[in-house]
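Please look at the sequence and the three-dimensional structure shown here before reading on.

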Amino acid sequence: MLRLLLIVGILEKMKDLRLDKFLADRLGCTRKESRILISTGNVFVNGIVNKDIGSKINPSDEVIHNGKKIDYGNKYYYFIINKPGGCVTATADNLHKTIFDLLPPYFVKLKIMPVGRLDIDTVGLLLFTNDGKLAYRLLSPKREVYKTYIAKTDKILNDNELKKLKYGIDIGDIVTKPAKIVSIDNKTYKLEICEGKFHQVKRMFEAVGANVIELKRTTFGPLHLDIPVGEYRELTLDEISNLYECCNLEKK
Ligand code: URA
């Protein structure tokens, strides 16, 4: 856990990183010294000499000083995005915008990938990471990581239908595990499930004769959606620790 905090601590400091600060931190020199190195043409960013002391870099940039690549010192990244409707959870698509069109190019370069998928018309919380072990655990049916969905439907469900969704319902390929469901408005329901089968929420409602008209994911395990549609942010140290805890994973 200590190592996790250290790694992520470095990562935290990587936000909006100024080149002069990055160099000072990594080379162990003062900010004044790193500015001299930059302004005198001793620093290359992506193969080009960079004399701008105020310039910013991101984790996909290659910074070279004295012929040596300067390491970022961190390996894993964790972000959430509030996915808008109309884009697919894929790296490429011939017809539609993809989620990566909303994200900086270093996501693809550093293999920071979505953990699971949301349908093209589903909005809400999508987790991204390049921490494959964590992603695998979070998606494993064994771990029963809960996700919350707000589903606007075209039907008011009766008690019997709500019970079916709650205790498990046959959706064709599986009988769903117990879920939590509450009515929050006329035909709108909050559904919490710990599985992630293809179109699962829509198929669960279809199984009781309702069509989902709008679908939004508001939680993923311990994470809560707190950013506007189309925006993304890095997770805090606490959120990353909570993710590890929720799927019973120890950071080595
Ligand atoms: N269930 C669905 O039906 N769609 C989603 O996008 C997510 C869960």
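## A histidine and its surroundings

Leaving aside neighbours within four places in sequence, His 65 is in contact (heavy atoms within 4.5 Å) with Leu 27, Leu 37, Asn 42 and Ile 70. His 65 belongs to strand S5, residues 63–65, where helices (H or I, at least four residues) and strands (E, at least two) are DSSP runs numbered from the N terminus. With a relative accessibility of 13%, His 65 counts as buried; buried means under 20% relative accessible area, exposed over 50%, and partly exposed in between, for a 1.4 Å probe and protein chains only.

This is a predicted model, in which local features need pLDDT of at least 70 and side-chain atom pairs count only at pLDDT 80 or more, while totals for chains, interfaces and linings use all residues. Residues are numbered from 1 along each chain as its sequence is written, and side-chain values use heavy atoms, with hydrogens and water left out.

## The chain as a whole

The chain has 8 helices and 17 strands, and its C-alpha atoms fill a box of roughly 75 × 40 × 30 Å, taken along the principal axes. Of the 252 residues in the chain, 45% are buried. Among contacts between residues at least 6 apart in sequence, 63% join residues at least 24 apart.

Helix H2 spans residues 19–27, and its buried residues are Leu 19, Asp 20, Phe 22, Leu 23 and Ala 24. These buried residues pack against strand S1 (17–18), helix H3 (31–39), strand S2 (43–45), strand S4 (56–57) and S5. Just after H2, Gly 28 takes a positive phi of about 70 degrees.

A positive phi is also found at Asn 66, where the angle is about 55 degrees although the residue is not a glycine. Asn 66 lies in the loop between S5 and strand S6 (68–69), and its relative accessibility of 63% makes it exposed. Asn 248, again not a glycine, has a positive phi of about 60 degrees; it lies in the segment after helix H8 (237–246) and is exposed, with a relative accessible area of 60%.

## The nonpolar cores

A nonpolar core is a set of buried Ala, Val, Leu, Ile, Met, Phe, Trp, Tyr and Cys residues joined through side-chain atoms within 4.5 Å. The largest one has 33 residues, and those with the most contacts inside it are Phe 128 and Phe 205. Among the elements that give two or more residues to this core are strand S7 (78–83), strand S11 (123–129), helix H6 (159–167) and helix H7 (200–206). Another core lies apart from it, with 20 residues that include Phe 220, Leu 223, Tyr 244 and Cys 247.

Which residues does Phe 128 touch, not counting those up to four places away in sequence? Its partners include Tyr 77, Tyr 78, Phe 79, Ile 81, Ile 99, Phe 100 and Leu 103.

## Cysteines

A disulfide is a pair of cysteine sulfur atoms within 2.5 Å, and by this rule the count comes to 0 disulfides. Cys 246 is in no disulfide, and the nearest cysteine sulfur, that of Cys 247, is 5.0 Å away. Cys 246 is partly exposed at 30% relative accessibility, while Cys 87 is buried, with a relative accessible area of 3%.

## The largest pocket

On a 1 Å grid over the protein atoms alone, a cavity is a set of points where a 1.4 Å probe fits but cannot get out, and a pocket is an open set with protein on both sides within 12 Å along at least five of seven lines; lining residues have an atom within 4 Å of a point. Grid points are joined across faces, edges and corners, and a volume is the space filled by probe spheres set on the points. The largest pocket holds about 610 Å³ of space. It is lined by 32 residues, and the closest to its centre are Arg 117, Gly 196, Lys 197, Phe 198 and His 199.

## Glu 195

Glu 195 lies in the loop between S14 and H7 and counts as buried at 11% relative accessibility. Its C-alpha atom is separated by 9.3 Å from that of Lys 142, although the two residues are 53 residues apart along the chain.
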